[in-house]
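Please prepare a short report on the model shown below.

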Amino acid sequence: MLTVPVQIQILLAGILFFLGLIGLLVRRNIIFMLMSVEIMFNSAGLVFIIAGTHWMQPDGQVMFIFILAVAAVEVSIGLALILQLYHHFKTLDTDAINKLKDKR
Amino acid sequence: MKILISLIPAIPLFGFLFLALAGKKVPQKVAGFVGAGTVGISMILTFAVSSIFIGSLHHVKTWSVVLWEWINTANMHADIAFSLDSLSLIFMFVITFVGFLIHIYSLEFMSKDEGFSRFFAYMNLFVGSMLILVMADNLLLMYLGWEGVGLCSYLLIGFWYKEPANGKAARKAFIVTRIGDTAMIFGIFILFLSFHTVNIREVMYNASMNWIAGSPIATLTAALLLGGALGKSAQLPLQTWLPDAMAGPSPVSALIHAATMVTAGVYLIARTNVLFLLAPAVRSAVAVIGALTLLIAGFSALTQHDLKRILAYSTISQIGYMFLALGVGAWSAAIFHFVIHAFFKALLFLGAGIIILVLNQEHNIFKMGGLRKKMPAVFITFLIASASLAALPLVTAGFYSKDQILWYAFSSEYGSVLLWTAGIIGALLTALYSSRMIFITFYGDAKTEPSFKPGKLMIVPVSILAFFSIVGGFVELPDSLGNVHLFSDLLNYTLPKVILKNTGIPDYFFQVLSGIIVLLGIYFAYLVYLKKPSAAESFRHSGLYSFFEKGWGFDALYDTLLVRPVVWLSEIDKKDFIDIFNKGLAQLALLFNSLLVRTQNGKIRWYLMSLAIGITLILTYILTR
């Protein structure tokens with residue numbers, strides 16, 4: 001079985017994480033931002049899997065199942081919020097949705 | 001049976017507690033029922049107690065009830081204890097009886113007011129405090145009631161608190177009376193330091209045993225107590241608060257600022273008469289202050305155009321008569337005038353309340369007129385009360401009470417021609433301003449149309465008061481006319497008898513004279529205000545008129561002498577070191593706030609960026625450490 005060194009695996013997770021972060025920062029469409037958050041979530045899950053296989057422990061996979069469940073919940077809440085936002089503002093542009101601020 | 005007397009102040013206080021705690025949750029009917037009902041129960045109890053008390057007066061002069069210990073330290077002992085004697089009984093009678101009628105009246109008067117239950121809560125607290133004041137066994141408890149009525153006066157003057165002027169009037173009343181109250185508590189301190197007790201009877205007994213008449217300490221104590229009385233009773237020089245106190249609802253003016261609370265000073269002096277007899281200088285000062293006040297307020301009443309302010313100045317003037325009587329040692333005459341005054345002045349204020357309510361808050365008498373036919377019931381009762389105020393001879397109660405004061409001002413051993421002259425000029429003024437009020441308000445052409453007809457709840461109490469404004473005088477008739485002395489006989493169980501000097505002039509001479517003066521005054525007012533209004537008109541534009549109208553410039557004087565310097569000082573004090581430091585702190589916080597507030601711009605990506613930078617910095621710090 002071909003084994004990839006653990007550093008490379010972690011690097012992959014890191015790249016995924018930063019891709020997600022960059023997506024979160026540059027995208028203005030809130031749905032894409034939600035997707036980027038999902039990518040970051042999954043990179044974190046990937047680290048758990050990597051750690052689990054590296055030390056031959058089942059805990060990593062258990063944690064991943066947890067993350068999956070949390071992500072599912074988070075997505076459903078997020079989508080519901082997005083629906084409400086769209087209903088209210090008629091746009092998905094986060095820069096336009098900036099009503100929650102102090103008046104100067 | 002004796003324990004019943006402690007219920008008399010307790011029941012209105014329970015009413016206050018109920019209305020203060022649950023007043024908003026219960027319907028208006030219940031609140032009104034509790035508010036008026038508690039005072040009604042107190043009134044019935046007072047009647048019951050007084051019938052038994054007066055029956056046993058030959059054996060026991062005083063009933064005392066100790067409820068519980070209030071303060072007990074090594075040097076100081078004070079109980080929650082009440083005592084009943086003929087003086088406090090008369091005050092209790094007026095407070096509960098007139099108070100009950102005014103509560104009934106208020107049921108209708110206040111029915112459309114959003115603060116209905118709050119009003120009755122304050123009124124009940126007032127009745128309770130006033131009863132504590134007159135029933136208290138010791139000076140400390142009396143002071144509690146004294147301050148309680150002051151508080152209620154403040155709360156009720158500022159009852160319509162949304163109007164800033166009313167709040168200002170309330171504060172003015174509170175602060176001016178506080179000056180007197182401070183003097184009074186110092187007087188109580190001196191009494192306590194001298195005799196190590198605050199019980200009124202013990203203090204009075206000790207004072208009469210140990211202090212020499214005219215000694216400095218007796219004079220000082222009496223002067224300090226007089227200070228308290230002057231503040232509460234709105235006498236010179238602390239009278240300026242009462243005309244402004246008319247900002248409150250009319251029933252409040254009737255109950256507190258005419259019938260009961262303002263006469264607390266009269267009660268205090270009568271109650272501590274021993275001290276005032278020990279301090280002849282202060283006793284004469286009481287008479288002189290009373291005489292001056294009744295003149296000054298009489299002239300001011302003659303020039304007011306606000307119906308309630310006329311009555312306010314007339315109240316100051318009539319209390320001046322009571323002080324005059326106290327000052328010449330005619331204790332029972334002062335209390336008698338207090339009772340009669342309570343009847344007719346409460347009636348005048350309630351009548352004025354109806355007029356003002358019916359004419360849509362019109363206070364100016366020159367915009368009234370012709371109400372005689374529009375409101376016959378109000379007219380007749382108002383006429384009776386004004387006649388009583390003007391002391392119309394023979395038929396009204398006011399004649400008998402005022403005539404007694406005038407007679408004693410001359411014939412008592414402390415009386416003098418000067419005091420009597422002041423009193424008789426005051427009588428002329430009273431006749432003038434009360435007839436002026438009647439002529440301008442009720443006669444002539446109608447200028448404002450009444451908006452509705454006053455209901456039974458307002459007319460019935462007013463009619464009862466009108467009945468007593470006539471009949472009340474017949475319990476005390478002078479020697480030359482019937483020679484009835486029921487009232488002074490009752491009071492002489494508690495207060496010393498007036499000592500007459502031999503003047504050689506029979507008292508009916510004075511009665512005829514004062515009767516003629518009053519009739520002259522009414523006739524003159526008829527000529528000037530009804531027959532030929534142009535005569536009054538020319539006087540209206542003179543400088544003297546506006547001087548009288550502004551209350552002899554006392555407000556302006558105090559404003560320049562006291563209010564402005566204090567405001568100026570506080571302005572300076574505002575800029576001292578501590579304030580600068582505190583303000584600097586606030587400025588610094590505001591500066592940081594204005595910097596940080598820029599970061600909260602509502603852009604979610606900006607927040608995420610700062611989050612990412614923050615995490616990077618923290619991670620870098622942890623990893624490179």
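Into which domains is chain B divided?

**Domains**

Chain B is divided into domain 1 (280-540), domain 2 (546-574) and domain 3 (576-623), with bounds from an automatic or database domain assignment. Between the C-alpha centres of domain 2 of chain B and domain 3 of chain B the distance is 48 Å.

**Basis of the model**

This is a predicted model, in which local features need pLDDT of at least 70 and side-chain atom pairs count only at pLDDT 80 or more, while totals for chains, interfaces and linings use all residues. Residues are numbered from 1 along each chain as its sequence is written, and chains are lettered from A and ligands numbered from 1 in the order in which they are written.

**Fold of chain B**

Chain B has 27 helices and two strands, counted as DSSP runs (helices H or I, at least four residues; strands E, at least two) numbered from the N terminus. Its radius of gyration, taken over C-alpha atoms, is 28 Å, close to the 25 Å that the globule rule gives for 625 residues, so chain B is as compact as a globular protein of that length. The rule is 2.2 Å times the number of residues to the power 0.38.

Along the principal axes, the C-alpha atoms of chain B fill a box of roughly 115 × 70 × 50 Å. Of the 625 residues of chain B, 51% are buried (20 or more other C-beta atoms within 10 Å of the residue's own, with C-beta atoms placed from the backbone).

**Contact with chain A**

The contact takes 11 residues from chain A and 10 residues from chain B, two residues being in contact if their C-beta atoms, placed from the backbone, lie within 7 Å. On the side of chain B that touches chain A, helix α27 (residues 604-623) of chain B gives the largest share, five residues.

How values were computed: Buried ≥ 20, exposed ≤ 12 C-beta atoms within 10 Å, placed from the backbone.
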